[in-house]
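Hi,

Here is the structure I promised to pass on. Have a look at it first, and then read my notes on its salt bridges below.

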Amino acid sequence: MNSVLVASNRGPVSFTVSDGGELTMKRGGGGLVSGLSGVVKDDGVLWVCAALSDGDRSAVRQAPGGRIDHAGYDTGPVRMLDIPPATFHRAYNAVANSTLWFVNHLLYDIPNAPNFGTKFEREWESYRDYNGAFALALAEEAGHGARVMVQDYHLTLTPAMLRAERPDLRIAHFSHTPWAPPEYFSLLPDEVAREVLEGILGADHAGFLTDRWAQLFMDCCERLLGAEADRVARTVTHQGRTTRIGVHALGVDGAALWQRAGEPDVESHMTALREQVGDRRLIVRIDRTELSKNIVRGLVAYGEFLAAHPEWHGRVVHLAFAYPSRHDLPEYREYTASVQRCAQEIEDAYATEDWDPVILNVDDDYPRSLAAYRLADVLLVNPIRDGMNLVAKEGPVLSPHCALVLSREAGAAAELGPHALLVNPYDISGTAAALHEALVMPEEERRRRREQLHAAATALPPDRWLAAQLDALA
C-alpha cells in the first residue's frame with residue numbers, strides 16, 4: 001500500500017501503438033507533468049492518472065491491475081485508469097475543458113454561452129463517474145493514513161468522494177487554474193456549483209497558486225454555500241468540517257532547466273534560429289493556442305508597434321511558437337486559424353525580401369522552445385487570465401538579457417510584476433508601447449531586472465512546492 005499518492009488527468013507517461021501493434025512509451029505532456037515527473041519518480045510516489053489514448057488503453061489492459069510499473073516499463077509507480085472513451089470525452093472535453101476551464105478563465109461569450117440543458121446534465125453525470133473512478137482507485141491503493149494529492153479542475157469532486165470512502169486519509173486538492181469571482185462562478189447551475197465547491201472542501205487542504213485565486217475560492221464558498229471563511233487563519237468551515245486554504249506559487253528548477261537547455265538538440269536549434277534571424281533583436285512568445293493565452297492580441301500589438309516605429313523595420317523579429325491545443329473543440333481550431341491569419345497579415349504588410357517580421361511555428365518542439373528562450377531579448381506573456389504561467393518564469397532563467405512583458409492577469413505577476421513590464425492584456429496599444437520599452441531598455445537595467453526575475457522564478461521549485469503541500473497534510 002502507498003503512503004503518498006498523486007492523482008491527475010494526465011500522467012507522467014503516454015503510449016502510442018505502431019502499425020505492427022508494438023507499444024512505445026514517452027514522457028507525458030503538459031506543464032503539471034513537466035513540473036512533477038522528476039520529483040514523483042525520485043520519491044517513489046504512486047501516480048494515478050487516466051488512459052488518454054488507444055495506446056494508453058492498450059498498455060493498461062496488458063498491465064496487472066493497470067499498474068504500468070509492473071508491466072516492464074521503468075516509469076516509477078503509475079496506475080492508469082481505463083475509463084470508457086465516451087465517459088472520458090464528456091468529462092474531459094464537455095465539462096472540464098468547455099465548462100470549468102471557461103468559467104475560471106472568464107472566457108464565455110455571455111450573450112451566447114453557456115447554455116445548460118439536458119445535454120449538459122448527461123455530461124455532468126459522466127464527470128461524476130470520471131471523478132468516482134479516481135476516488136475508487138485511490139481508495140484501493142492508499143495505505144492507512146496516506147497523503148493524497150489531487151490535482152486540478154478535472155478532479156474537483158474526487159476529494160469529497162474519496163473522503164466518503166476513506167475517512168482515514170489526509171487529502172489535498174490543488175487548483176492550477178485561476179478561480180472565478182462568485183458572480184461569474186454562479187453561471188454554473190446551482191447544484192453543479194455546489195458540488196464543485198463541496199468536492200474540493202472534502203479535502204483537508206485546498207491549494208492555489210496565488211493569494212488572489214485563494215481569496216476568490218473563499219468568496220465563492222461564502223456566497224454560494226453559506227460557509228464560514230476565516231481570512232486570517234485561511235480556513236473554510238462547512239457542514240462541520242474545516243479545510244485549510246494554502247497558497248503555493250510553483251516555480252521552476254533552474255539547474256535542471258539549464259541542464260536540458262544545454263543539450264546538443266537545443267544547441268542545434270539555436271544555430272538554426274541565429275541563421276534565420278541574423279543579428280536582429282528577438283521578441284519571443286511560447287504558448288499553446290489556448291483561448292486564454294491571448295495570442296491574437298499579442299500579434300496585433302506587435303503589428304501596431306511596427307506601425308508606430310518604422311525605425312525597427314528590418315531590425316526585429318517576433319518569434320511566435322503557438323502550439324495547437326484541444327483541437328477536439330471547434331473554438332480551439334478556429335482560434336489556431338485566427339492566429340495564423342493574423343501572423344500572415346503582418347507578413348503581408350511589412351515583410352521584405354530579406355526580412356520576415358513574424359516567424360510563426362505551430363509544430364510542438366520543446367528543444368526549439370528552449371533555444372528560443374536562450375536567444376530572447378524580449379519575452380511576451382500576455383494571457384487574459386492564467387493560474388501561474390511557467391513560460392514567464394522559464395524565459396528569464398534561460399536568457400541572460402531577457403526583458404519580460406507580462407500580463408497583470410497572469411498568476412506569475414504576483415511574484416514577477418515588480419521586475420517585469422506589466423500590461424493590461426486587453427490594451428493592445430499599451431502592449432505595443434511595452435514592447436518598444438522592452439527593446440530600448442538600457443542594458444544595465446535589463447540585466448538587473450533579469451537577475452530579479454530569475455531569483456523570483458526559482459524561489460519555489462517543484463520539489464519544494466510538493467514538499468510544502470505534503471507538510472501541510474502532516
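Start with Arg231 and Asp219, whose side chains meet in a salt bridge with 2.7 Å from N to O. In case the term is new to you, a salt bridge here is a side-chain nitrogen of Lys or Arg within 4 Å of a carboxyl oxygen of Asp or Glu. This pair joins distant parts of the chain, 12 residues apart: Arg231 is in the loop between strand S9 (228-230) and strand S10 (235-238), and Asp219 is in helix H8 (residues 211-225). Helices (H or I, at least four residues) and strands (E, at least two) are DSSP runs, numbered from the N terminus.

How accessible are these two? Arg231 has a relative accessible area of 30%, so it is partly exposed. Asp219 is partly exposed as well, at 23%. The cut-offs are simple: buried means under 20% relative accessible area, exposed means over 50%, and partly exposed is in between (1.4 Å probe, protein chains only).

Before you go further, keep in mind that this is a predicted model, where local features need pLDDT of at least 70 and side-chain atom pairs count only at pLDDT 80 or more, while totals for chains, interfaces and linings use all residues. Residues are numbered from 1 along each chain as its sequence is written, and side-chain values use heavy atoms, with hydrogens and water left out.

Next, go to Glu443, which you'll find in helix H17. Which residues does Glu443 pair with? One partner is Arg446, with the closest N and O atoms 3.9 Å apart. Another is Arg447, in a salt bridge of 3.3 Å from N to O. Why can Glu443 and Arg446 be about one helical turn from each other? Because they are 3 residues apart in helix H17 (residues 443-457). Glu443 and Arg447 are 4 residues apart in that helix, so they too are separated by about one helical turn.

The accessibility values here are worth a look. Glu443 is partly exposed, at 40%, and Arg447 is partly exposed, at 39%. Arg446, on the other hand, is buried, at 1%.

While you're at Glu443, find His401 too: the two are 42 residues apart along the chain, yet their C-alpha atoms are separated by 7.8 Å.

Two last things to look for. Asp54, Arg57, Arg61 and Asp82 are linked in a network of salt bridges. And how many salt bridges are there by this rule? The count comes to 29.
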